[in-house]
Amino acid sequence: MTYQDALDFLYPLHRFGIKPGLDVVRSLLDHLGSPERRLGLVIHIAGTNGKGTVAAALASIFQASGKKTALYTSPHLVDFSERMRINGEPIPGERVACYCSQLKERAADTPYTFFEATTAIAFAWFADEQVDVSIIETGMGGRLDATNILDPAYAVITSIGLDHTDWLGETRALIAEEKAAIIKKGCRVFTAVSDPEAFQPISWVAGLHEVLLFVAGQDAVWSVLCAEAGALQLDLRTASGYYPALKAPLSGSFHASNVALAVMVAEDAGVAPASIYAGLEQLLRTGYRARLEKIGVHPAVLLDVSHNSDGMRQTVNAIADFRSAYRAVHVILGLASDKDAVSVIRELTRLDCDFYPVNIPSERSVPAEQLALLCVDEGNEAKVFKTGGEALGYLREYSKPDDLILVTGSFYLAGEIIASGC
């Protein structure tokens, strides 16, 4: 089996959709020799927004400390192999093919989803490579997520917002309860959740398992020194140390809580301050991309994957800090059909922008024409394009040098832009 054969085997598994539960992934992992038991120090991360940032920050910090560090995130932007990395390097195609050959033996007896197969491949590779640390991001939720087969040393819950409500519940309390299920007896829990409705279930589950709970904003406090596009600097004080002038290549002061969580976990795990500083500064080597990433100048172009109202609120707040530096803001927007499009558009409208709705390369795309009507209903101007690449090409030609172009709304859209070389 070649790498392309493996992808041809994996991608059709999307037809099984989402099947919450752990029985199938447990069967797959048993078939691969129970690799989930051989992942070194395991850090399991859940949250509505921010979990990818915390995961990348921790991976870079542990790598800077000399640990062989595995990182599992989703979705990918361009190539499947981006989902699993060791010391920043994605899994080789031949290894994907090898594990798919083994999993294919189970396909007839045990139908499984794309994410279940992907999780099994990642864990098998990490175990076979004898990693020291595994940083694992949940796919969706927590309780019935395929990654919840783990018994982590650390459980991290970044934030709670209203996303995937059809699966996780329609209130922050219900969603928090689902995500808090990654907390296991014997682990240590870190969260940046402050909303009382969402915090209560996390606190309750931590108490149920009699584990320690640490809260960013209480057990660690910070002050932001600088927040520009691609540059965040802050002073951070934890219960055990003081970290002046921490630097990370992140856009937006809202990332301060994510940085704080990563530092708190790393510090608790015994990582030295020098490695924390170095790891944060080198965060991009983990493959972290498209979180208000600056990919062009004159006009400036920011690429972002915010895709729900809470995430978009943070994105807009971040841009608001430097909005006055630009004559006009143009938003290329693509969304999946399971998102609250009106809420997302209302957040973006605060930027006093015009909209360029596009289709995203997914069968779940909101049609660009429909998205345009929603933009107009909210009092905005909108010009439809078929793809993000077409919209970006048009804006790069006709915008002024001191304009800002924001491409946002979807991992699929960001992946399209990166793949096109725009």
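Predicted model: local features only at pLDDT ≥ 70, side-chain atom pairs only at ≥ 80, totals over all residues.

Let me begin with a term: two residues are in contact when they have heavy atoms within 4.5 Å. By that criterion, and leaving aside residues up to four places away in sequence, Thr118 touches Tyr72, Phe80, Arg83 and Met84. Thr118 itself sits in helix 5, residues 114–128. Helices (H or I, at least four residues) and strands (E, at least two) are DSSP runs, numbered from the N terminus. Is Thr118 buried or exposed? Thr118 is buried, with a relative accessible area of 0%; buried means under 20% relative accessible area, with a 1.4 Å probe and protein chains only.

Residues are numbered from 1 along each chain as its sequence is written, and side-chain values use heavy atoms, without hydrogens and water.

I turn now to the strands. Strand 10 (residues 231–238) pairs with strand 11 (residues 242–248) in the antiparallel sense, over five bridges; pairing requires that DSSP find at least two bridges between the strands. Three residues lie between strand 10 and strand 11 in the hairpin that they form. Which residue of strand 11 is the bridge partner of Arg237? The partner is Tyr242.

Finally, the spaces. On a 1 Å grid over the protein atoms alone, a cavity is a set of points where a 1.4 Å probe fits but cannot get out, and a pocket is an open set with protein on both sides within 12 Å along at least five of seven lines; lining residues have an atom within 4 Å of a point. A search of the whole structure finds one cavity of 30 Å³ or more, and the volume of the largest cavity is about 30 Å³, counted as the space filled by probe spheres set on the points. Its lining includes Ala59, Gln63, Arg85 and Thr286.

The second largest pocket has a volume of about 360 Å³. Of the 17 residues that line this pocket, Thr158, Ser159, Ile160, Ala192 and Gln314 lie nearest its centre. Helix 9 (256–268) and helix 11 (309–320) each supply at least two lining residues, and helix 11 gives the largest share, three residues.

Notes
Buried < 20%, exposed > 50% of the residue type's maximum accessible area, 1.4 Å probe, protein only.
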